[in-house]
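This report asks how the chains are organised, what lies between them, and which local features deserve a careful look. Please keep the sequence and the coordinates at hand while reading.

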Amino acid sequence: MRDPSLPITLRPWLRLLARRRRRLMAGAALLALTLGSAIGLLALSGWFITASALTGMALAAGLAATLDVHVPGGGIRTFAVTRTVARYVERLYNHDTVLRLLADLRGTLFAVMARLDERVLARRRASDWLNRLTADIDTLDSLYLRLLAPPAVALLAVLLLSGFVALWVPVAGLAVAALLLSAWLWLTVGQAWLGMAPSHSQVSHVQRLRSQAIEHLQGQAELEAYGARDAHRRLLLQRESQLQQLQRSLGRLSGFGTSLVNLMVGLAMLTALWLAAMAWEQGGISGAVMVMLPLAVLATGEALALLPVAFTHLGATRAAAERLNELVASGGEGTKPGHEALPAGPLSVVLRGVTLRYPGALQPALESVDLALPAGARLALTGASGAGKSSVAALLTRQLPPTAGEIRLGGSALHNIEERSLRERVAILGQRVDLFQDSLAHNLYLADPKADESELWRALAWVELADWAESLPRGLATRVGEGGRQLSGGQARRLALARLWLRDPGLVILDEPFAGLDAELAARLSGRLDQWLAGRTVIYLVHQLAGAFEPPGITRHERLYQGRLTDCAAHSFRSG
Amino acid sequence: MAKGITEPMGERFGPELTPRRWLAAHAAGQRVWLTLAALAGFAVGALTIVQMLLLAWIISRLLVDGASVASLGGGFLALAAVLPVRALAQWGQELAGQEASLRIRRAVRAELLDHLAAMGPVRAGARHTAGLASQLVEQVEALDGYFARFLPQLRLAVAIPVMILVVVLWLDWLAALFLLLAAPLIPLFMALVGMGAERLNQAQFAAVSRLAGHFLDRVRGIATLQLFHRTEAATHEVHEAADDYRRLSMRTLRLAFLSSAVLEFFASVAIAVVAIYVGFGLLGYIDYGPSPQLTLFTGLLVLLLAPEFFQPLRSLAQHYHDRAAALGAADGMVALLSEAAAEQRTGRPRPVREAGQVVSLVNVTLDHPGRGRVLGPLDLTVRQGDILAITGPSGVGKSALLQLLAGFVAPDQGERRVMDGLSFAWMDQRPLLIPGSLADNLRLAAPGASDAELHQALRHAGLADVVDALPGGLATPLGERGSGLSGGQAQRLALARVFLSNSPLVLLDEPTASLDEGAEAGIIESLRQLSDTGRTLVIATHHPALMALATRRLVLAEGRVVSDSGEAKGDEKDDERRDDA
């Protein structure tokens, strides 16, 4: 390709494919076998019919002529059976390969994503992004079956065919090679080159059309109120016609390639026939061979048939690889793991001049935050949504690095703390409760893989979910639906609390711990939580301190306002 | 939906709108292009026969009749001429099919958008936005293969074999009999292929979504896995799940590929049988039926046509998944299109009974599917200059009442009357932000507004300082969905739009929810200014500060009006006005 970055873009993925080199070779060999049988079948049949006709004519003319019918007959039957069986086995084998590649790709990318920090991840939770990720992975897992094996097998077929033809009529072999190789070159490089730009941008056009559609749907009320719906719809349709323009040019191009295959194969067949006929006329080859050669060329068309569509859309594969490369690169800067272990017992927390700025935001999320919390304290950090509470939580759990300032936990600088120790000693109950599509037990084991079943039951009892779990026909093996959807919001919250109970952290961050629970249950849980929190440092993140849902045992109150700790908060401290 | 299918749909598609009928109706709309595609495909088939005929003829002239190569120049030239014409016809088939598909996809999108517009913000908004967007974009795209390739190919899969059969019949009836014997098997194998593909598709679909679900589920929860230090185990699990899926699908594929292998087998065997039959016939081993009359020409031509007989069917089998994809997509779209569009909504509302009334609801009720009665029966008249706060516990129908006033949803009973030529401004918790400049976003409400007017609106909304401080000013681009703006800033932008719109009636749905006190106070001050310019405000809220702004309070409970502080006073006002007049 002209663009030097294409090989570089695809290199990591080709390297991943190369791990299964032998399977890929075997798959290509099966493809070649199928194709070879198809060529052999038609060529040999043509030879046999002609030879029979010539022999029959000779016999009719009273000449002594014989033809061994068993060898070609057997050959024809063999080719017919091989072609069928090889095609079936090839499809099965290659699909198996593709699915193995899919597993490899998913595993590899998941490992990459597992290292990303919250800033990168937050953008990637949107369903749009996740759908595109799956689509990109699918694009790459079929890289082999669309873009690697077919051109390789086609090239091999063209070369072998030309060689075979050249055995009988050298000049015909050269002519066939010249025609079919230039066709091959155009179908791969030429089609890819012309289709690169439109196929590369197609996905982003679809994406833009999609955002516009979402906008159109979400803004329906305002658009209708301001009478702007038709104007906005025109924008949407404009996007659509841009996309269709791309699709039209891609369709035109791939259609051109497809017809070109038949034209070039036809021309090669015609040339082979003409040159073979000349050779026959000069007595160089028999009549049966003269027929066999063009038929062999004709049957080779199948090898080239898949190329135009695949290579016209090479840009889409390239774009998918670029997006995934970007994803891999975004996890590249990963911080060096620390080695300090956190002490047992409650952890002190110190923030000194901590600032956090999200890229592209007009104002920093946190600005010069100073906070010193002795071990065992219980801080209530209040503020409106967007004031920066969640940012504090993300910083303390090392999901985000601070833009400036220093954070210390239990006396150690946060970035020096060993990963395992940090995760064991710092627990958070966030606003979002992630329940996985798995059993109830599995969702609890997340907190403590070594827990035994009785501990799980006690954890459930602690949040008053044990009776409910017992009433389920499958008990702890009950699957929790997509994102935990079969559970009510309150049940999910309690399950998250149960997860918390299974651990033994020194610092606990609780974001609106009783959100979505009714007052009576909240009161009962509050008492139990109070007990469990004894001997731990606690940070409550709450909207405001009022009403029935005030968390237990607050010893200190700070208020965040637009990313800063406000002074007035210290005065409004109330003991819990 | 209790109302069932709307009339226009019923007229167009008969008593029941099914995915198949709906697809057929759209295909009928592009009959010309689809027919063109089929005709071009038919021409390709015919020219292929001509090509094979010429090939067999040239060979036969050379080998049987002993003609010289030089004397057959005409034959070679004719063959050389057929090839580009056939290539052009093939290109034409692709282009016509594509054009039909592009046009149909555009028509489908327009149909969906029309329907969504008719449903209105409330009924359409009740659906998952991402799901609807995917129907408008990806699902419409999923129709491509069906119209562009499958439908034209479906006609060719019948026409071309018949054409070839006629030619072979003329050449050698026994060979034609071989093909004819296979012919009744064709629909059988088509069904087999179809069933295989469909079963494959269903099983695959379930497995794919389960597995895609597993992977995405874990990706979605990566932050949680990190916090529990479980990413390594999860990575292993992801790989395992993908591998399980592979084993599962291979079981299905083994069967599914069998049906296409059968087709492949027929294509191969046809060549083999014909070759051996013709060969033996030419050798004189067979003296039954037409065999003694076989010549190299007829024999070779039958051989060359045998694979072409099965080729259209093989192509159709390749495009079979396009059909399944289109049916799947059509299923969802038909379900959406069958949902009643409230026709009353789009009709012209009757005028209010008295001057000074802006909008009134008379004895209205509102039901939500699956939730029963949401509102009413109730009466409400909004008068000029009102600052009406609608309050009540959450879920009581505040938003629904506001939507009724706006006409976003039609009442199930009763009627909505509006002032002559009423326009209104709307603002809720999630203002619409379009990618484009700040100015583009403002002009949504008033396309003709000057920059000076935009600045003035921003000043009223309390956003002028922020915008002035930006180096790009009004031309500053907003990222996708307004990224870069805080929640409060986005609300102020929406408020600036309200100022720009000059609409006499302003409907606000919880305009300060999720804002901190400072931002809330700013918005309230702006609303007060808005009211000072003589606009009528209706605010659904439970925030005390907003309620304090109101001159009239309406309390809802269980969908009914419990108290309306302005009812009596309002009447008095009306009386006064009447006295004045």
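The sections below move from overall organisation to the interface, the cores, the helices and a few individual residues.

## Overall organisation

The coordinates are those of a predicted model, in which local features are considered at pLDDT of at least 70. For chain A, the domain assignment gives domain 1 as residues 5-330 and domain 2 as 349-433 + 499-571, and the centres of domain 1 of chain A and domain 2 of chain A, taken over C-alpha atoms, are separated by 56 Å.

Chain B contains 20 helices and twelve strands.

## The interface between the chains

Contacts between the two chains involve 105 residues of chain B and 107 residues of chain A. On the side of chain B that touches chain A, helix H9 (residues 231-282) of chain B gives the most, with 24 residues. Sorted by class, that side of chain B has 62 nonpolar, 27 polar and 16 charged residues.

## Nonpolar cores

The largest nonpolar core has 284 residues, of which Ala272(A), Ala276(A) and Leu293(A) touch the most other members. Helix H9 (residues 229-281) of chain A gives the most to this core, with 20 residues. When residues up to four places away in sequence are not counted, Ala276(A) touches Val169(A), Ala172(A), Ile285(A), Met290(A), Leu293(A) and Pro294(A).

There is also a second, separate core of 75 residues, which includes Leu404(B), Ala425(B), Leu454(B) and Ile539(B). As general background, nonpolar side chains tend to be buried together in soluble globular proteins.

Helix H6 (residues 144-171) of chain B has 28 residues and reaches 40 Å from its first C-alpha to its last, close to the 40 Å expected at 1.5 Å a residue. Within H6(B), a kink of about 35 degrees lies at Phe150(B), shortly before the proline Pro152(B).

## Individual residues in chain B

Is Gln226(B), which has 23 other C-beta atoms within 10 Å, buried or exposed? Gln226(B) lies in helix H8 (residues 222-227) of chain B, and it is buried because those 23 other C-beta atoms within 10 Å meet the cut-off of 20 or more. Leaving aside neighbours within four places in sequence, Gln226(B) is in contact with Ala114(A) and Thr231(B). The C-alpha atoms of Gln226(B) and Gly392(B), which are 166 residues apart along the chain, are separated by 42 Å.

Two residues other than glycine have a positive phi: about 60 degrees for His229(B) and near 45 degrees for Glu510(B). His229(B) lies in the loop between H8 and H9 of chain B, and with 16 C-beta neighbours inside 10 Å it counts as partly exposed. Glu510(B), found in the loop between strand E9 (505-509) and helix H18 (517-532) of chain B, is by contrast buried, with 20 other C-beta atoms within 10 Å.

Methods
Residues are numbered from 1 along each chain as its sequence is written. Chains are lettered from A and ligands numbered from 1 in the order in which they are written. This is a predicted model: local features need pLDDT of at least 70, side-chain atom pairs count only at pLDDT 80 or more; totals for chains, interfaces and linings use all residues. Domain bounds come from an automatic or database domain assignment. Helices (H or I, at least four residues) and strands (E, at least two) are DSSP runs, numbered from the N terminus. The expected span of a helix is 1.5 Å times one less than its number of residues. The bend at a residue is the angle between axes fitted to the seven residues ending there and the seven starting there. Two residues are in contact if their C-beta atoms, placed from the backbone, lie within 7 Å. Ala, Val, Leu, Ile, Met, Phe, Trp, Tyr, Cys and Pro count as nonpolar, Asp, Glu, Lys and Arg as charged, and the others, Gly among them, as polar. A nonpolar core is a set of buried Ala, Val, Leu, Ile, Met, Phe, Trp, Tyr and Cys residues joined through C-beta atoms within 7 Å. A residue is buried if 20 or more other C-beta atoms lie within 10 Å of its own, exposed if 12 or fewer, and partly exposed in between; C-beta atoms are placed from the backbone.
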